[in-house]
Amino acid sequence: MASTGGGWRTKFWRQMFMWRRSCLRTSPWCILIAASEVAPATLSMMLRTTPTAKSAAEATQVLRSAWLQAISSHHQMYSGGQGVSSVLDIGCSIGDSTRELADWFPDAHVTGLDLSPYFLAVAQYMEKQRISSGLGRRRPISWVHANGECTGLPSSSFDVVSLAFVIHECPQHAIRGLLKEALRLLKPGGTVSLTDNSPKSKVLQNLPPAIFTLMKSTEPWMDEYFTFDLEGEMEKIGFMNVNSIMTNPRHRTVTGTAP
Ligand SMILES: C[S@@+](CC[C@H](N)C(=O)[O-])C[C@H]1O[C@@H](n2cnc3c(N)ncnc32)[C@H](O)[C@@H]1O
């Protein structure tokens, strides 16, 4: 995407409109309209988080690489030299985070899992588009439709379990369920990573009350999320080496090791 003055924003929205229209042409179910709007919504979140970025692509790169680096650093430090051959992305939505994980860990078998079959349909469509434009992968991504609290996947089968921007959408009992399932799914020495809004973020704390209220209208569990002691609960559930870092001014990445 070009970054010429204010023009790139117009081009961005035009491209998003064209992409959404082509998605809808090939996917006639009305419900996919909502799913097809996730991509522009995610990119606008990236731009808000990185206001100095000159394009949505640059904003995405800045935000995602800090998160991925946090996973790699934690895994290198605490896994006892275990490589990364299998990665699970719980709450993958339309697969943006899954594709980032697959690019970052090209030798790993990466699985995207979500509760929504519609998001998964868009995820598969986008991956097919990528492959048909010549950007195939050594290890194709697998997609699973399941609840992240009880996935039905085998125990001790993943080196990394990631939840990116999932738990702010969940009540506290569901966050506990997701953490317990992540612990079951990880191999000993494996790494869990949760990246999401940080309750300590000054940017979020200083949001005008009207904007915060507006945000809560689409994120009904935000108060439960902000009052949840994530690091403490992870330790209670059995994770070791729980670390939390601000990966940008709005978001933290919390990592832990399975015993
Ligand atoms: C904001 S999206 C995540 C975006 C994506 N991970 C990314 O970083 O681009 C949150 C996703 O979590 C999914 N989700 C919420 N609770 C879930 C659960 N219990 N099991 C699986 N997916 C869940 C929702 O369906 C939604 O697609």
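A residue is termed buried if 20 or more other C-beta atoms lie within 10 Å of its own, exposed if 12 or fewer do, and partly exposed in between, with C-beta atoms placed from the backbone. Buried residues make up 34% of the 259 residues in the chain. The structure is a predicted model, in which local features need pLDDT of at least 70 and side-chain atom pairs count only at pLDDT 80 or more, while totals for chains, interfaces and linings use all residues. Residues are numbered from 1 along each chain as its sequence is written.

The chain has 11 helices and seven strands, taken as DSSP runs (helices: H or I, at least four residues; strands: E, at least two) and numbered from the N terminus. Contacts are pairs of residues whose C-beta atoms, placed from the backbone, lie within 7 Å. Among contacts between residues at least 6 apart in sequence, 68% join residues at least 24 apart.

Seven of the seven residues of strand E7 (residues 251-257) are buried, so the strand is largely enclosed by the rest of the structure. His 251, Thr 253, Thr 255 and Thr 257 point one way, whereas Arg 252, Val 254 and Gly 256 point the other way. Strands are paired if DSSP finds at least two bridges between them; the pairings of E7 are tabulated below.

| Strand paired with E7 | Bridges | Direction |
|---|---|---|
| E5 (residues 186-197) | seven bridges | antiparallel |
| E6 (residues 240-246) | five bridges | antiparallel |

Val 192 has Gly 256 of E7 as its bridge partner, and Ile 245 stands opposite Thr 253 in E7. E6 and E7 form a hairpin with four residues between them.

**Helices H5, H3 and H4**

Helix H5 (residues 96-104) is largely enclosed by the rest of the structure, because seven of its nine residues are buried. These are Asp 96, Ser 97, Thr 98, Arg 99, Glu 100, Leu 101 and Ala 102. Their cover includes helices H3 (38-49), H4 (56-78) and H6 (117-132), together with strands E1 (86-90), E2 (109-114) and E4 (158-164).

The axes of H3 and H4, lines fitted to C-alpha atoms over the stretch in contact, come within 8 Å and cross at roughly 75°. H3 and H4 are therefore roughly perpendicular to each other (65 to 115 degrees). Leu 43, Met 46, Leu 47 and Thr 49 in H3 meet Ala 56, Ala 59, Thr 60 and Leu 63 in H4.

**Ligand surroundings**

The ligand is surrounded by 20 residues, the closest being Gly 91, Ser 93, Ser 97, Gly 148 and Ala 164; a residue counts as near if its C-beta atom, placed from the backbone, lies within 6 Å.

How values were computed:
Contact = placed C-beta atoms within 7 Å. Axes fitted to C-alpha atoms, helices over the stretch in contact; angles between N-to-C directions. Parallel < 35°, antiparallel > 145°, perpendicular 65-115°, else oblique.
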